[in-house]
Amino acid sequence: MSPETATPTTAQPAKTVPLRATGIDPNHWYVVASDREVTRQPLGVELWGRAIVLYRDTQGQVQALEDCCPHRLVKLSDGRVVGDRIECMYHGWQFDHAGACVDVPYLGDNQKLPTCRIRTYPVRELDGFIWLWPGELQPGQVLPKPMGLPEWSHLNYIASMTTIDCQGHFSFLIENLMDMYHGHLHQDYQAWASAKLEQLTESPDRVDALYEAQSYYRIDKIWAVAQLFIPAMRKLHPEPLRVSYVYPHWASSLGQEFKIYCLFCPVSATRTRAYLVHFTSLHAFGRLHQLPVGFRQWVKDRMFNAAAKLLEGLVEQDVLMIEQEQRSFEADPHRKGPELNPAIAAVQRLIRSRGQSTTAGLAHE
C-alpha cells in the first residue's frame with residue numbers, strides 16, 4: 001500500500017477589513033467623559049464595544065471599571081457608590097476600585113466571598129476631561145501622558161465646547177475634520193473660506209496638513225471677541241489653517257486667534273462620540289495680562305462657552321453629512337466616490353495602520 005500523500009493547500013489571502021469597519025488601536029488614551037460628568041453617581045460610558053462605569057471615590061479620584069457585575073452580568077452603572085465601593089443594584093454586591101468583590105450582604109457564615117474580579121482601566125483626569133486607556137498593560141509598563149489641552153487652564157484662552165454624537169464610523173468624522181475644503185457647508189456660520197492645501201506630512205502616529213484660508217475673525221481688541229456672535233463685525237483676511245490627526249484625536253489652529261480640538265470616543269463601528277473644544281486667544285491684549293490673576297480668571301470663567309452656539313451649529317451640519325455617508329456605506333459598501341484631497345488618503349492610511357491588528361473581535365472581547 002502506498003503511503004498517504006497530503007493534499008497540497010494554498011494559503012488564503014488575508015481578508016481586507018473595510019475602512020469603515022476598522023477598529024481602534026487600544027494602546028492610546030481616549031476621552032470618555034468631561035470631568036463635570038463624573039460624580040459620586042456611577043456613569044456608564046462605552047468605548048468601542050466596551051461598557052465601562054466611572055465614578056469618584058471619597059477622595060474625589062475617578063475610578064474606571066468594567067460595567068458588568070460578574071454575579072448576574074447586569075450593569076454596575078445602575079447601582080450606587082458606597083464609600084469607595086460601587087454597589088450593584090440587583091443583589092447589593094460591592095466591588096472595590098481594584099475590581100474585587102469585597103461584600104455580599106447575604107453571605108453565609110460558612111461561605112467565602114466570590115473570587116471573581118472585574119476589569120479595571122487606567123484613567124487620568126486632565127484639562128477638564130477623563131482620559132482612559134483601554135489596552136492591555138504589560139507588567140511594569142509606564143504609560144505615556146495623555147495629549148491634554150494646554151490652553152484649558154491658561155488665562156490667555158477662552159474655552160467653548162460641545163459634544164458630538166453621530167451614527168457613523170469614526171473615520172467619517174476625522175476625515176471631515178481634516179478636509180478644510182468642506183467650508184462650503186458652513187457658509188452660514190462663516191467659519192473659514194477659500195481653503196487651499198499647501199503642505200501635507202505623515203508619520204506613524206499623525207498626519208499634519210497646512211492650508212491657506214480666509215478667516216472671518218481677527219481678535220486684536222478686547223471687544224473683537226464679539227465677532228464670535230455678531231456676524232456683521234467679521235471681515236475676511238488670509239490666515240494659515242493647520243489641522244492635525246494626532247491619533248486618535250484632532251488638533252487645529254486658525255492663525256494666532258483660535259485653537260480647536262476634537263477628543264474622540266469611538267463607541268462602535270456605527271457610532272462615534274467626541275468633544276469639540278474651541279479656544280479663543282487673548283494674547284494680543286497686552287494690558288489685560290498686567291491685571292490681577294484673579295480678575296483674569298474671572299474673565300476666563302465669565303466668557304466660557306462664548307462660542308458654543310457657533311460650535312453647535314457647525315456640529316449639526318457636519319453630523320448631517322456624516323450620517324448620510326454612513327447610510328450610503330451600509331447600503332453599498334463597495335461604492336466609492338472620487339477623492340481629490342490628498343489629506344483624506346493620508347488619514348485613511350493612518351487609520352488602517354493603527355487599527356489593522358485590533359479590528360477582529362475587539363468589540364466582542
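Helices α1 and α3 are oblique to each other, a label used for angles that are not under 35 degrees (roughly parallel), over 145 (roughly antiparallel) or 65 to 115 (roughly perpendicular). Their axes come within 10 Å and cross at roughly 135°. Here an axis is a line fitted to C-alpha atoms, for helices over the stretch in contact, and angles run from 0 to 180 degrees between N-to-C directions. α1 covers residues 170-178 and α3 covers residues 308-331. Helices (H or I, at least four residues) and strands (E, at least two) are DSSP runs, numbered from the N terminus.

This is a predicted model, in which local features need pLDDT of at least 70 and side-chain atom pairs count only at pLDDT 80 or more, while totals for chains, interfaces and linings use all residues. Residues are numbered from 1 along each chain as its sequence is written, and side-chain values use heavy atoms, with hydrogens and water left out.

α1 passes α3 in a right-handed crossing. A crossing is right-handed if the near helix is turned clockwise from the far one by less than a right angle, and left-handed if anticlockwise. On the α1 side, the contact is made by F172, L173 and N176. On the α3 side, D318, I322, E325, Q326 and F329 take part. Contact means heavy atoms within 4.5 Å. By class, the contact of α1 with α3 has four nonpolar, two polar and two charged residues. Ala, Val, Leu, Ile, Met, Phe, Trp, Tyr, Cys and Pro count as nonpolar, Asp, Glu, Lys and Arg as charged, and the others, Gly among them, as polar.

α1 also meets helix α4, residues 342-355. The axes of α1 and α4 come within 10 Å and cross at roughly 145°. This crossing is right-handed. F170, S171, I174, E175 and M178 of α1 meet A343, I344, V347, Q348 and I351 of α4. By class, this contact has seven nonpolar, two polar and one charged residues.

Now turn to the sheet beside these helices. Seven strands form an open sheet in the order β11-β17-β16-β15-β14-β13-β12, with antiparallel pairing. Two strands pair if DSSP finds at least two bridges between them. β11 and β12 (192-203) stand at the edges, each with a single partner strand, so one side of each is left without a neighbour in the sheet. Neighbouring strands are turned by 15° against each other on average, direction ignored.

Walk along this sheet from β11. β11 pairs with β17 in the antiparallel sense over ten bridges. S160 stands opposite H278 in β17. Further along, β13 and β14 are antiparallel and share ten bridges. In that pairing, L210 stands opposite R242 in β14. Nine bridges join β12 to β13, also antiparallel. K196 has E212 in β13 as its bridge partner. A hairpin joins β12 to β13 through two residues.

Both α1 and α4 lie over strands of this sheet. α1 lies across β11, β13 (206-215), β14 (237-246), β15 (249-254), β16 (258-268) and β17, running at about 170° to β16. α4 lies across β12, β13 and β14, running at about 40° to β12.

Next come the aromatic rings. A search of the whole structure finds eleven aromatic pairs. Rings of Phe, Tyr and Trp (its six-membered ring) pair if their centres lie within 6.5 Å; planes under 30 degrees apart count as stacked, over 60 as edge-to-face and the rest as tilted. One of the pairs is W152 with F279, which is edge-to-face at 6.4 Å centre to centre, with 90° between the planes. W152 lies in the loop between β10 and β11 (157-166), and F279 lies in strand β17 (residues 271-281), so the pair ties together parts that are 127 residues apart in sequence.

Another sheet remains. Three strands form an open, antiparallel sheet in the order β1-β10-β9. β1 (30-34) and β9 (123-126) stand at the edges with a single partner strand each, so one side of each is left without a neighbour in the sheet. The twist averages 30° from one strand to the next. Four bridges join β1 to β10 (residues 129-132), and these strands run antiparallel. A33 has I130 in β10 as its bridge partner.

Last, a hairpin. β2 (residues 43-47) and β3 (residues 50-56) pair in the antiparallel sense over five bridges. G44 stands opposite V53 in β3. Two residues lie between the strands, and W48 in the turn has a positive phi of about 45°.
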